[in-house]
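Biologist: I have the sequence and the coordinates open. Take me through the model, please.

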Protein chains: 2
Amino acid sequence: MKRLDEITTVASIGGGPIGGGWAAHFLAKGLKVKCYLHDKSEHQQFVDIIETAWDSLIQLGLTEGASLKNMKISFDLAETLSEVDFVQESVPEVLNIKQQFYEKIDHLLDNNIVISSSTSGLLISDITVNCKTAYRAVVGHPFNPPYLLPLVEVVGSSKTKPQIIDWVKEFYTYFEKVPLVLNKEIPGFIATRLQEALWREALHMVKNNEATPEQIDLALINGPAPRMAHQGQCMAFHVACGAGGMATNLDQFGPALELPWTRLKAPQLDKSLRNKMVDGCNKMAKGQDFKTLADKRDKAIVAVLNALKQN
Amino acid sequence: MKRLDEITTVASIGGGPIGGGWAAHFLAKGLKVKCYLHDKSEHQQFVDIIETAWDSLIQLGLTEGASLKNMKISFDLAETLSEVDFVQESVPEVLNIKQQFYEKIDHLLDNNIVISSSTSGLLISDITVNCKTAYRAVVGHPFNPPYLLPLVEVVGSSKTKPQIIDWVKEFYTYFEKVPLVLNKEIPGFIATRLQEALWREALHMVKNNEATPEQIDLALINGPAPRMAHQGQCMAFHVACGAGGMATNLDQFGPALELPWTRLKAPQLDKSLRNKMVDGCNKMAKGQDFKTLADKRDKAIVAVLNALKQN
C-alpha cells in the first residue's frame with residue numbers, strides 16, 4: 001500500500017447515493033476519483049447526488065486542490081480499477097451481486113490495492129467467499145450521507161491481513177472520517193445493529209397502529225436525537241442518573257429491562273455486564289463529575305437546537 | 001382547568017434530574033414553581049440541577065419575568081400541592097411508589113387540577129389504579145434533560161377525560177414543549193420504545209463482547225445522530241433511497257429485515273405495512289422531491305456538525 005501522503009487517486013464503485021456520496025467525499029479531500037456506474041440510466045441521478053453534496057462540502061470546507069474536475073465517470077470497470085490507490089465498493093446490497101464483483105477484482109485490481117465495502121451489514125467473509133485476493137478486502141461501512149456523517153465501521157474477515165486493517169484505519173482517519181474498528185465480524189456491525197433494532201421496533205409499532213411514521217420521526221427528532229449528536233446512549237444514561245452514574249442507572253432501571261418497553265428482550269443483567277457498562281462509562285467520563293458532564297451535554301444540546309433553528 | 005394565559009403557578013414533584021429539570025423549564029417560562037422533595041438529602045443535588053439548567057436556559061432565551069426567585073422548595077407535599085394550576089409528577093420510576101402517590105393526591109390536590117406523570121414507560125392506568133380522581137391524570141413523559149429536549153409524550157388511561165388530554169396538549173405547546181399525543185396506551189410509549197430497543201441491542205453486544213460502551217457511543221455520535229436531529233428514521237430511509245423513497249427502501253432492504261442485523265425480529269413486511277410506511281413518508285415529504293429533501297437534510301447536518309465543532 002502507498003504512503004497516505006502519496007495517495008492521489010481512488011475508485012468509487014456504484015451509482016447510488018452511497019457510491020455518489022463517497023465520490024463527493026474523496027473529491028472534497030482533494031483526490032482524483034474514478035467512478036464506475038453499472039448503467040447509463042444512473043448517470044443523471046449520480047451527477048445530482050454529487051452536486052447536492054458539493055454545496056454542503058463547501059460549507060464544511062474543501063481541502064486545497066479539491067475540484068469536481070477531478071471526477072471521472074466510467075462504465076468500464078477494468079478502466080476504473082486501473083491505476084488507483086484505493087477502492088470503495090458500493091454495489092447493490094445483494095450478497096450474490098457483491099460476491100460476483102469480488103470475483104472480478106482478482107484479475108482487474110492490482111493485488112496490492114485495498115478494497116473496502118460499503119455494505120450495511122453483510123459479512124466480508126461471505127462477500128469474498130469466491131475471491132482469491134480476500135486478504136486485501138475489508139468492510140468500510142459509512143452512514144448516509146457518506147460525505148457528511150463521519151463514521152466508517154471497519155472490519156475484516158479471517159483472511160484479511162491485520163496490516164490491511166491498520167492501513168485502512170489510518171487511511172480513513174487521514175481523509176477525515178472517524179473509523180470504528182470492530183473486534184469481530186458480526187452481521188450489521190455496531191451502528192447498523194443499533195439503528196436496525198430501533199427501526200424494527202418502529203415497524204412493529206406502525207404495523208400494530210401504535211404509532212404512525214410521522215409520530216416516530218417527531219419522537220426521535222424532538223427526543224433523543226439532539227442529545228445523541230453529542231452523547232451516545234451509554235453516556236446519556238450515565239449522566240442522566242446524577243452522581244451515581246451508570247451504576248445507579250442499572251440499579252434503578254435494571255428492573256425496567258424486564259418490562260415490555262420494546263419487543264426486544266434484554267440480556268440478563270448480571271454482575272459481569274453491569275461492570276462492563278460501569279467501567280466503560282467511567283472510562284469515557286475521564287474523571288469528570290456529573291455536573292461537568294451535564295454542563296457539557298447541555299451546551300452541546302443548546303448549540304444543536306440553536307443551529308437547527310437558524311438553519 | 002384555567003385558561004392557559006391565566007396560569008401562574010405549577011408544582012414539580014420529585015428531587016431527581018427529571019423533577020429538577022421540569023422545575024427549571026417552567027421557571028424559564030416565567031412561572032412560579034413549587035417543588036416538592038421527598039428527602040432533605042436531595043436538596044443540594046436538586047439545586048445543582050437547577051443551576052446547571054439555568055445557564056443553558058439563558059442561552060436558549062428566558063421568557064419575560066423568568067427568575068430563579070420564583071422557585072419554592074418544600075418537603076411538605078400538602079403545602080406544595082395547594083394553590084397550583086398544574087402538577088408535573090416525577091417521583092421514582094417504581095410502580096408502587098407512583099401508585100401510593102396518586103392515592104394521596106385524591107385529597108391533597110384540588111379536583112380540577114391536572115396531574116401529569118413523567119414516567120418513562122409505565123401505564124397511567126396502572127399508576128392510577130387506586131386513585132379516585134384518575135380522570136385528571138395523564139402521562140407527560142419528557143426526555144432528559146427536560147428543560148432542553150422538546151418532546152413530551154402524552155397519553156391518558158380509559159378513565160382520563162378526553163378534554164383533559166386536549167388541555168394538556170395545549171398546555172405543553174403554550175409553554176414551548178412539543179407534545180406527542182399517543183393513539184393508545186402502550187408500555188414505553190413511542191420514544192422510549194425506540195430508545196429501549198437500541199439500548200437492549202447495545203447491552204446484548206456488550207454482554208457478548210461484540211462492542212464496548214465506548215464503541216457504541218462513538219458509533220451513535222458519528223453515525224445516525226447528527227442526521228436524526230433533523231430527520232427521523234422513517235424520513236432518513238425515505239430520502240436515502242433517492243427518487244423511489246420509502247417504497248424503494250422497502251423493496252431493496254425489505255429482505256434485510258430477515259437478516260440477523262439485530263436480535264429483534266422484524267414484523268412481516270406485508271402490503272398493509274408497506275403502504276402505511278410509504279403513505280406516512282409521502283405525507284411528511286409534502287410533495288418535496290428527493291433533491292429538495294436531501295438538500296435540507298444536508299444543510300441541517302452541516303449546521304449540527306459545525307455547531308458541535310465550535311461548541
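Modeller: One term before anything else: a residue is buried if 20 or more other C-beta atoms lie within 10 Å of its own, exposed if 12 or fewer, and partly exposed in between, with C-beta atoms placed from the backbone. This is a predicted model, in which local features need pLDDT of at least 70, side-chain atom pairs count only at pLDDT 80 or more, and totals for chains, interfaces and linings use all residues. Residues are numbered from 1 along each chain as its sequence is written, and chains are lettered from A and ligands numbered from 1 in the order in which they are written.

Biologist: Is B:V154 buried or exposed?

Modeller: B:V154 is buried, because 22 other C-beta atoms lie within 10 Å. B:V154 lies in strand 7 (residues 151-156) of chain B. Helices (H or I, at least four residues) and strands (E, at least two) are DSSP runs, numbered from the N terminus.

Biologist: Which residues is B:V154 in contact with?

Modeller: Leaving aside neighbours within four places in sequence, B:V154 is in contact with B:V138, B:V139, B:G140, B:I165, B:V168, B:K169, B:P179, B:L180, B:V181 and B:L182. Contact here requires that the two C-beta atoms, placed from the backbone, lie within 7 Å.

Biologist: Confidence next. What is the mean pLDDT of chain A?

Modeller: The mean pLDDT (the predictor's confidence in each residue, from 0 to 100) of chain A is 96, and 100% of the residues of chain A reach 70 or more. For the complex, the predictor gives an ipTM of 0.97 and a pTM of 0.96.

Biologist: How many residues of chain A are in contact with chain B?

Modeller: The count is 102 residues of chain A against 102 residues of chain B. On the side of chain A that touches chain B, helix 7 (residues 191-207) of chain A gives the largest share, 17 residues. That side of chain A divides into 58 nonpolar, 25 polar and 19 charged residues. For the classes, Ala, Val, Leu, Ile, Met, Phe, Trp, Tyr, Cys and Pro count as nonpolar, Asp, Glu, Lys and Arg as charged, and the others, Gly among them, as polar.

Biologist: At what angle do helix 13 of chain A and helix 2 of chain B cross?

Modeller: Helix 13 (residues 290-310) of chain A and helix 2 (residues 43-60) of chain B cross at roughly 20 degrees, and their axes come within 10 Å. Axes are lines fitted to C-alpha atoms, for helices over the stretch in contact, and angles run from 0 to 180 degrees between N-to-C directions. The two helices are therefore roughly parallel to each other. Angles under 35 degrees count as roughly parallel, over 145 as roughly antiparallel, 65 to 115 as roughly perpendicular and the rest as oblique.

Biologist: Which residues meet there?

Modeller: From helix 13 of chain A, A:K291, A:A294, A:D295, A:D298, A:K299, A:V302 and A:L305 meet B:D48, B:T52, B:S56, B:Q59 and B:L60 in helix 2 of chain B. By class, this contact has 4 nonpolar, 3 polar and 5 charged residues.

Biologist: Within chain B, how are helix 10 and helix 12 placed to each other?

Modeller: The axes of helix 10 (residues 233-240) of chain B and helix 12 of chain B come within 10 Å and cross at roughly 85 degrees, so these helices are roughly perpendicular to each other. B:C234, B:M235 and B:H238 of helix 10 make the contact with B:M277, B:G280, B:C281, B:M284 and B:A285 of helix 12. The residues of this contact are 6 nonpolar, 2 polar and no charged.

Biologist: Now the backbone. Where is the cis peptide bond in chain A?

Modeller: The cis bond joins A:N144 and A:P145, with omega about 0 degrees. A:P145 lies in the loop between strand 6 (137-142) and strand 7 (151-156) of chain A. In chain B, a cis peptide bond joins B:N144 and B:P145. Most residues other than glycine have a negative phi, and most peptide bonds are trans.

Biologist: What is the phi of A:F189?

Modeller: A:F189 is not a glycine, yet has a positive phi of about 55 degrees. A:F189 is buried, with 27 other C-beta atoms within 10 Å. A:E176 also has a positive phi, about 65 degrees, but A:E176 is partly exposed, with 13 other C-beta atoms within 10 Å.
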